[in-house]
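I opened my notebook to look a few things up in this model, one entry at a time. Follow along with the structure beside you.

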Amino acid sequence: MSMKRAFISGISGQSGSYLAELLVKEGYEVHGLVRMTSLLENIKGILDKVKLHTGDLRYQGSLDRALSEAKPDEIYHLASDQIVSASWDRPVEMADVTGLGTTRLLQAAHTYCPNAKFYHVSSSEIFGRVDASSQNEQSKFNPINPYACAKSYAHLIARNFRESYGMFVCIGIHFGIESPRRRMEFVTRKISDGVAKIYLGKAQKLILGNLESIRDWTFAGDHCLAMHLIMQQNEPEDYIVARGEPHSVKDFVELAFGVVGLDWKEYVEVDPSLKRPVDVNYLCGDSTKLTKKLGWKSETSFEELVRMMVEADLGRVRHG
């Protein structure tokens, strides 16, 4: 039996790197899409085990070339422009990369590897302001920022390619993907980095925006296990991928400072200017379908996730 081939867009990012490690361990031949400017720190440990293709979601030709060369059995589409807070400053670019970029990759797959399975990473941000305690696969879309609008389009076009062309397209609606590899622009990593710097005497204060915002955070490695599991099924379906536990930014802050034995109230300041023009105050996923049908569950608790991130940043700042 020949080795399975997987293609990961965004392989050098947080989720892409964990997924690449998982697939290498599972015996796949792993290909990945990177931009000319991509940093490869997250995949430095497996660079000799993956094949990288240079491309850009904005340019159809580069995606056509990458997929025609890779000829994958499975395509995992993780790449997007993810910075919600900055999406108001560049809404056109957000739509081009995150929305139309998904269309371009689907088109390349349809043309060059129509029998490949395709996994699209959707986002809980598509639900926007919600009127229920948790969101499931039937919850209505209510995007309230340019990133969420782009992700909503990407979600719908992925579904359209499945229904129009009969392609095997799975959609995972992911809530709060977090890890020590999270980019610094995101509040969770800003917190863990800030705690490490304060504890080691390299900073005095941590400046944050909305402490009352509530999210459902799960370890990126657990998310990647769900992606792979979903793709091994015989029929393409959509699934919520979430731990199902709502926690506020304040909860994350308190736990993070607790890891190093500090009282967060002595170090955290709130800057109203950091709050978004329109904010999503509450999101929590209901992954009952994924749990009951496929047996997936998040193995890493919220407390373990916070500790993991703080300890990783302590090590990085201490030796950096």
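Predicted model: local features only at pLDDT ≥ 70, side-chain atom pairs only at ≥ 80, totals over all residues.

**Entry 1: helix H9**

I checked its length: at 1.5 Å a residue, its 18 residues should span 26 Å, and the end C-alpha atoms are 26 Å apart, which agrees.

Next I asked which residues of H9 are buried. I found Phe 302, Leu 305, Val 306, Met 309, Val 310, Asp 313, Leu 314 and Val 317. They cover an arc of only 165° around the axis, so they sit on the same side of H9.

**Entry 2: the nonpolar cores**

I then looked for the largest nonpolar core and found 58 residues in it. Ile 8, Leu 19, Tyr 76, Tyr 119, Ile 191 and Phe 257 have the most contacts inside this core. H9 came up again, as it gives the largest share of this core, seven residues.

I picked Phe 257 and looked up what it touches, leaving out residues up to four places away in sequence. The list is Val 195, Ile 198, Leu 206, Leu 262, Trp 264, Tyr 267 and Val 268.

For strand E6 (residues 169-174), I asked how many of its residues are buried. The answer is six of its six residues, so I wrote it down as mostly covered. Val 169, Ile 171 and Ile 173 are buried on one side, and Cys 170, Gly 172 and His 174 are buried on the other.

I followed E6 to its partners. Strand E5 (residues 117-123) pairs with E6 in the parallel sense over six bridges, and Phe 118 has Val 169 of E6 as its bridge partner. E6 also pairs with E11 in the parallel sense, over four bridges. There, Ile 173 has Ile 240 of E11 as its bridge partner.

Strand E11 (residues 238-241) is covered on both faces as well. I found Asp 238 and Ile 240 buried on one side, with Tyr 239 and Val 241 buried on the other.

**Entry 3: cysteines**

How many disulfides does the structure hold? I counted zero. Cys 113 is in no disulfide, and the nearest cysteine sulfur, that of Cys 170, is 15 Å away. A disulfide needs two sulfur atoms within 2.5 Å, so a gap like that rules one out. Cys 224 is also in no disulfide; for this residue too the nearest cysteine sulfur is that of Cys 170, 15 Å away.

I looked up accessibility for both. Cys 113 has a relative accessible area of 8%, so it is buried. Cys 224 has a value of 1%, so it is buried too.

Is Ala 226 buried or exposed? This residue of helix H6 (residues 220-231) has 0% relative accessibility, so it counts as buried. Leaving aside neighbours within four places in sequence, Ala 226 is in contact with Val 241, Leu 290 and Trp 296.

Arg 159 sits in helix H4 (residues 146-165). Its relative accessible area is 27%, so Arg 159 is partly exposed. Beyond residues up to four places away in sequence, Arg 159 touches Phe 141, Ile 171 and Asp 238.

Glu 41 is in the loop between strand E2 (29-34) and strand E3 (50-54). At 52% relative accessibility, Glu 41 counts as exposed.

My last stop was Lys 71, in the loop between helix H2 (60-70) and strand E4 (74-77). Lys 71 has a positive phi of about 50° although it is not a glycine. With 51% relative accessibility, Lys 71 counts as exposed.

Key
Residues numbered from 1 in each chain as written. Heavy atoms only, no water. Buried < 20%, exposed > 50% of the residue type's maximum accessible area, 1.4 Å probe, protein only. Helix = DSSP H or I, 4+ residues; strand = E, 2+ residues; numbered from the N terminus. Expected span 1.5 Å × (residues − 1). Arc of directions from axis to C-beta. Pairing = 2+ DSSP bridges. Core = buried A, V, L, I, M, F, W, Y, C linked by side-chain atoms within 4.5 Å. Contact = heavy atoms within 4.5 Å.
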